[in-house]
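Here are my notes on the model you passed along, as numbered points. Have the structure open while you read.

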Amino acid sequence: MAGKVDIKKQYKQLFAPKREPHLVEVPEFRYWMIDGEGSPQGTAFQDAIGALYSTAYTTKFRLKAAGRADFVVPPLEALWWADDESAFVENRRDEWQWTLMLVQPDHVSEEDIADALEVLDKKGKITAAHRNMRTEQLEEGRVVQCLHVGPYDSMGRAISTMHAFAELNGLELAGKHHDVYLSDPRRTAPEKLKSVLRRPVR
């Protein structure tokens, strides 16, 4: 791990936060992004995850082979919203909208990404999700955030606590709900899953 660019170590306050809601400034990051809608168990969501990680890992290995700076592939992140927010309370997953994201290290260029996609294409591994992927800057600024430990479907209580914290401090919620998934659900028991929850405020 020595010498690798690791976003989680560079920004510990963002990726290893306290469990209690607190305020933090999130700087601008550049992301690989894919938009979609529907359940996180659905095909579109899973295909988007595959496209993001295959692109990130291919980019990583290409840079390493070229003798350039290596990087730790960052954790998966997601923005969530719905036209009617009760869709989340009532678990109407077909109405959920999302943007899945991975932070791009600063030294990764658009040419590097195009090169990785070309490699995947030659291997016959390009999917519709890859074609819908884009790179975009996101600057959330001031957010309320906390660490949630437990199953994804138990986040509601932590989110309510964040909302109450914002209200108590005279802040208005703004922007989309933001999750950062620190654990691999394929290898981690549901009760031990760690996620960072964020919501921009003003």
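1. Start with Gln104, which touches Arg30, Tyr31, Trp32, Ile113 and Thr135, leaving aside residues up to four places away in sequence; contact here means heavy atoms within 4.5 Å. Gln104 sits in the loop between β4 (97-103) and α5. With 2% relative accessibility, Gln104 counts as buried. The cut-offs are under 20% relative accessible area for buried, over 50% for exposed, and partly exposed in between (1.4 Å probe, protein chains only).

2. A word on the ground rules. This is a predicted model, where local features need pLDDT of at least 70 and side-chain atom pairs count only at pLDDT 80 or more, while totals for chains, interfaces and linings use all residues. Residues are numbered from 1 along each chain as its sequence is written, and side-chain values use heavy atoms, with hydrogens and water left out.

3. Arg30, one of the residues Gln104 touches, also forms a salt bridge with Glu110, with 3.5 Å between the closest N and O atoms. Glu110 is in helix α5 (residues 110-122) and Arg30 in strand β2 (residues 29-37), so this pair ties together parts that are 80 residues apart in sequence. Arg30 is buried at 16% relative accessibility, whereas Glu110 is partly exposed at 40%. For the record, a salt bridge is a side-chain nitrogen of Lys or Arg within 4 Å of a carboxyl oxygen of Asp or Glu.

4. Which residue pairs with Asp70 in a salt bridge? The partner is Lys4, and the closest N and O atoms are 3.8 Å apart. Asp70 is in the loop between α3 (43-65) and β3 (76-81) and Lys4 in the segment before α1 (7-10), so the bridge ties together parts that are 66 residues apart in sequence. Asp70 counts as buried at 10% relative accessibility; Lys4 is partly exposed, at 28%.

5. Within helix α5, look at Lys122 and Glu118: they lie four residues apart, about one turn of the helix. They form a salt bridge, the closest N and O atoms being 3.4 Å apart. Lys122 is exposed at 69% relative accessibility, and Glu118 is partly exposed at 44%. Elsewhere, salt bridges that share partners join Asp84, Glu90, Arg92 and Glu95 into one network.

6. How many salt bridges turn up over the whole structure? The search finds 15. As for charges, the chain has 28 positive and 31 negative side chains, and the centres of the two sets lie 9 Å apart. Lys and Arg count as positive and Asp and Glu as negative, without His or the chain ends; each charge is placed at NZ of Lys, CZ of Arg, CG of Asp or CD of Glu.

7. Now the overall fold. There are seven helices and eight strands in the chain, taken as DSSP runs (helices H or I, at least four residues; strands E, at least two) numbered from the N terminus. The radius of gyration is 17 Å, close to the 17 Å that the globule rule gives for 202 residues, so the chain is as compact as a globular protein of that length. That radius is taken over C-alpha atoms, and the rule is 2.2 Å times the number of residues to the power 0.38. The C-alpha trace spans about 50 × 35 × 30 Å along its principal axes.

8. Of the 202 residues, 45% count as buried. Among contacts with a separation of 6 or more, 74% are between residues 24 or more positions apart.
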